[in-house]
Amino acid sequence: MTHIADIRYQGELHNELQHLPSKRIIHTDAPTDNQGKGEAFSPTDLLASALAACVMTMMGMKAKSIGIELTGAHAQISKEMAANPRRVSAIRLQIYLPANLDGDTREILEQTALHCPVAYSLSSELTQDMQFHYTL
C-alpha cells in the first residue's frame with residue numbers, strides 16, 4: 001500500500017490535504033447545509049469530482065491510444081444527497097465531447113467512461129448517471 005496524502009484538520013470544519021508525490025495542497029470545508037461555510041470543496045464534492053476526473057482521464061487515455069484528441073472536453077458535475085444515513089445518493093455527469101467523433105469512437109469512449117476504476121469503487125446503491133453530449 002502506498003502512502004499518497006496527508007490531511008490536517010484546520011478547525012472550523014476545514015481540512016488541508018497534501019498530495020505527497022506532487023506536494024500540491026487542496027482544502028475542504030463542510031457544505032453550507034451541514035454546518036460549514038462552503039468555502040472549499042466538501043468531502044462529498046470531492047467524491048463526485050473524483051468520478052468525473054476518473055471518467056475524463058480514462059477517456060483521454062483511450063482517445064490517445066486510438067489517435068483522437070480530446071483537449072477541451074469537459075464535464076459538469078452534480079450530486080444529490082440523501083438522509084438516514086447522510087450520503088451521496090446520485091452523481092450526475094454532463095460530459096461534453098467533440099462533435100466530429102464517429103459512432104464507433106463515441107461508443108468506445110462511452111464504454112471506457114462507464115468502466116473507470118472510481119465508478120467500480122462506488123456503492124452499487126449510488127446512482128451514476130452519465131450523459132454524453134457531442135457539441136464541441
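Across the interface of domain 1 and domain 2, the rule finds one salt bridge, a term for a side-chain nitrogen of Lys or Arg within 4 Å of a carboxyl oxygen of Asp or Glu. Asp33 and Arg86 form a salt bridge through their side chains, at 3.1 Å from N to O.

The model is predicted, so that local features need pLDDT of at least 70 and side-chain atom pairs count only at pLDDT 80 or more, while totals for chains, interfaces and linings use all residues. Residues are numbered from 1 along each chain as its sequence is written, and side-chain values use heavy atoms, with hydrogens and water left out.

The bounds of the two domains come from an automatic or database domain assignment.

| Domain | Residues |
|---|---|
| Domain 1 | 1–40 |
| Domain 2 | 43–134 |

Their C-alpha centres are 23 Å apart. Seven residues of domain 1 are in contact (heavy atoms within 4.5 Å) with four residues of domain 2. Together the domains bury about 400 Å², with 56% of it on carbon and sulfur atoms; buried area is the accessible area (1.4 Å probe) that two parts lose on being put together, summed over both. Of the area that domain 1 buries against domain 2, 54% is supplied by Thr28, Asp33 and Asn34, more than by any other three residues.

The chain contains three helices and six strands, arranged from the N terminus as β-β-β-α-β-β-α-α-β. Helices (H or I, at least four residues) and strands (E, at least two) are DSSP runs, numbered from the N terminus. Along its principal axes, the C-alpha trace spans about 50 × 35 × 30 Å.
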